[in-house]
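Hi,

Here is the structure I promised to pass on. Have a look at it first, and then read my notes below.

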Amino acid sequence: MAENVPSASTPTVYEARGLKKEFDGGKVAALRGVDLDVREGEFVAITGPSGCGKSTLLQLLGSLALPSEGTLNFRGRSIPDMPDPAHYRSHDIGFVFQAFHLLPTFTVLENVQIPMFEGGLTKAQRKDRAVELLESVGLGHRLTHFPSELSGGERQRVAIARGLANGPSVVLADEPTGNLDSANAEQILELLLKLHRDRKVTLVLVTHDLGIAGLATRTIRMKDGRVVSETSSSTPSLANHP
Amino acid sequence: MTFFTIVTRGLMRRPVRTGLTLAGISIGIAAVVALVGMAWGYEKSIGKQLDVIGIDMIVSNMTGGIMPKTFDASVEDKIAQLPKIKETTSLLMQLISVEDAPMIMVSGRKWGGFTWHQLKVVEGRMIKDEHEPAVVLGRLAAEVLKKKVGDTVQLDSDELNVVGIVDGGSVVENGAIILSLAVMQKVTLNEGKVNFIDIRLQPGTDKDAVTETAAEIKKIFPEGRAVKASEVVGTSQGFRVARAMSWSTSILAITVGILGVMNTMLMTVFERTHEIGILLAVGWRRQRVMLMVLCESALLGLLGGILGVILGAAGLMIMETTPAIKGLLEPDLSPRLLIISVIIAVVVGLISGLYPAWRSSRLSPAVAIQS
């Protein structure tokens, strides 16, 4: 359950103003001026129909792409102007994708260690931490398996463990349950909420599922590249999920 | 898991393609080892021969061709008068096809000269006098020509008796047919002509005196040139041509190797765009992605280099036993050549990986991950 409900005085993690993203030299506008604030410890769900720009917004928050216009700050620092965006991606945030994006030629244990090469850890430290993370997501018995040998839910749990590799304070999740059946989807949601609750991780989750969005402390609804509404909930609960 | 694990895993994704690329590099490096090994071996063999005989300087007219032009034998008497000269002897040498052997050194030596002294008879006897129509064969030459004492050797239109087999202490000497200068001049229709004068200097002759002696020889014999034995190889046009040919062929082989590795690494980067996108998305720096690609290509080079050195060395050993080469030269398989060849292979790998590495580091994580 998401019990960390921040107040207005809680520091801002993300601050976006007039955020635009265009493709094909301006022919396609994915974001048409988004204003957004995400506070420390919040669980923000971004919803909307396919093509509304929610995944593009998450990519900009994760510095996977640069905005065409507008300002986007992470704890007061401009993301597009970061001198070392790789450090931000590896240490400040963890990304969880709908399609898992695990490396097929590496085992579960190795996949989780991949981001740690930027963490300055020794070989033994990397391994120990990866084992610890995989055990925390219930995959301690799957360390030497390859992604192709896992179920969709297990793959997503590996991806979550990888996202936590360098101890980020923010997790950006793009339709993390989109490729899963309802039982696995529920387990993944429980895991993300547990992270949010136990590790005080700020969670920004993109979903088109309003049931999942209902679990968040705040839901931002997008349409045609714009934020069209915001809803806050002071008592979000996994029980709300159908 | 280490960074090296990631690098090797990248190469093992496509084992057949990696294997074929390794084969390409190794053939290129094998060509370098074989060709350069032959050229260096040739130089080393000549150097060893001069050393064994104890020659300090050589006078010849090296303009054009692999073997020097002939000149009047009387030049030797004039040179012998110079103050720093201890001893001289003259030769008429030709590299010719003899019977079934494609190329063999035939060395006519002035009777009584110091170039006879180091020859040890291992079978039969030495030539009796300068007019005896006979030859002695170096051990390797006897093997190549399949001759034994009592046989005859056809030189031009003359048939000469093989009276002995000798050990000359170097591959060049052992690969030669040796006879007296007088008989050689007669057989090759070069009466009164020689093409080498070998010189021994007075003990303790310093570098300046050697230079001075060379200048005085130039005055006596303007068309010729006197060089120190240690410089013979470097100043010989034939050797220079052989060296240039071996390196230019090697460069061609290396270029083919570079293109092969570059093609493989570019294919790898194209195929792994998605994977590289993931690495960038989870926080890998662009430099680390570049390093990964460069390490993969360098590792390809290193493995190809090691394989190529083994192939090249085996090739040289086989070539050494062929009739065309046996007795003419002793291929150089020195650690220096082997190390240089492996270094070349690694550099080839690194150069080939530069563009693919740069390209991979330029990918946008958002675009790459969706590919």
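**A helix pair in chain B**

Please keep in mind that this is a predicted model. In chain B, the axes of helix α11 (residues 286-320) and helix α12 (residues 335-361) come within 7 Å and cross at roughly 150 degrees. Angles over 145 degrees count as roughly antiparallel, and α11(B) and α12(B) are therefore roughly antiparallel to each other. Their crossing is right-handed. Where α11(B) meets α12(B), the contact residues comprise 17 nonpolar, 8 polar and 1 charged.

**The sheet in chain A**

Now over to chain A, where 4 strands form an open sheet in the order β2-β1-β4-β5, with antiparallel pairing. Its edge strands are β2 (28-39) and β5 (77-78) of chain A, each of which pairs on one side only. Strand β4 (residues 69-74) of chain A is joined to β5(A) by 2 bridges in the antiparallel sense. If you want to find β5(A) on screen, look for Ser78(A), which has Asn73(A) opposite.

Helix α1 (residues 54-61) of chain A packs on this sheet and touches β1 (12-23), β2 and β4 of chain A. The direction of α1(A) makes about 60 degrees with that of β2(A).

**Chain A as a whole**

Chain A has 7 helices and 10 strands. Its radius of gyration is 17 Å, close to the 18 Å that the globule rule gives for 242 residues, so chain A is as compact as a globular protein of that length. The C-alpha trace of chain A spans about 45 × 40 × 35 Å along its principal axes.

Best wishes

Methods. Residues numbered from 1 in each chain as written. Chains lettered and ligands numbered in written order. Predicted model: local features only at pLDDT ≥ 70, side-chain atom pairs only at ≥ 80, totals over all residues. Heavy atoms only, no water. Axes fitted to C-alpha atoms, helices over the stretch in contact; angles between N-to-C directions. Parallel < 35°, antiparallel > 145°, perpendicular 65-115°, else oblique. Left-handed = near helix turned anticlockwise from the far one by under 90°. Nonpolar A, V, L, I, M, F, W, Y, C, P; charged D, E, K, R; others polar. Pairing = 2+ DSSP bridges. Contact = heavy atoms within 4.5 Å. Rg over C-alpha atoms; globule rule 2.2 N^0.38 Å.
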